[in-house]
Amino acid sequence: MVAEISEKIQLLSAEEKNELLRVLLKDVDGTDEDADEAWRNEVVRRVKAIRNGEAAIKALQDWQE
């Protein structure tokens, strides 16, 4: 069955393959509604670190090692 599908996939255009990949990944992974919130929280954390100088200190420490 997989071999048959693989042969048919080879006939698809690059755009069709990309769309198929998106559909398959969504099917396998499902939707992660918490991911967007987690990224927003990470951005806020990083901005705060930049504003209070922690990011600069960390970068300097990494550079010195």
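Helices (H or I, at least four residues) and strands (E, at least two) are DSSP runs, numbered from the N terminus.

View 1. Read from the N terminus on, the elements of the protein run α-α-α-α, and the secondary structure comes to four helices and zero strands. This is a predicted model, in which local features need pLDDT of at least 70 and side-chain atom pairs count only at pLDDT 80 or more, while totals for chains, interfaces and linings use all residues. Residues are numbered from 1 along each chain as its sequence is written, and side-chain values use heavy atoms, with hydrogens and water left out.

**View 2. Confidence along the chain is given by pLDDT.** The term pLDDT stands for the predictor's confidence in each residue, from 0 to 100. The mean pLDDT of the protein is 85, and 89% of the residues reach 70 or more. Confidence is highest in helix H1 (residues 2-9), at a mean of 92, and lowest in helix H4 (residues 54-64), where the mean is 75.

**View 3. The surface of the protein is described by its accessible area.** Accessible areas come from the Shrake-Rupley method with a 1.4 Å probe, and for residues only the protein chains shown count as cover. The accessible surface of the protein comes to about 6,400 Å², and carbon and sulfur atoms account for 56% of this surface. A residue is called buried under 20% relative accessible area, exposed over 50%, and partly exposed in between (1.4 Å probe, protein chains only). Of the 65 residues of the protein, 2% count as buried.

**View 4. In helix H2, Arg-22 and Glu-19 meet in a salt bridge.** A salt bridge is a side-chain nitrogen of Lys or Arg within 4 Å of a carboxyl oxygen of Asp or Glu, and the structure holds three of these salt bridges. In the one shown here, the side chains of Arg-22 and Glu-19 meet at 3.0 Å, N to O. Both residues lie in helix H2 (residues 14-29), three residues apart, which is about one turn of the helix. Glu-19 is partly exposed, with a relative accessible area of 41%.

**View 5. In helix H3, Glu-42 forms a salt bridge with Arg-45.** The closest N and O atoms of this pair are 2.6 Å apart. Glu-42 and Arg-45 both lie in helix H3 (residues 33-51), with three residues, or about one turn of the helix, between their positions. Glu-42 is partly exposed, at a relative accessible area of 22%, and Arg-45 also counts as partly exposed, at 47% relative accessibility.

**View 6. Arg-46 also meets Glu-42 in a salt bridge.** The side chains of Arg-46 and Glu-42 come to 2.7 Å, N to O, and both residues lie in helix H3, four residues apart, about one turn of the helix. Arg-46 counts as partly exposed, at 47% relative accessibility. Salt bridges that share partners join Glu-42, Arg-45 and Arg-46 into one network.
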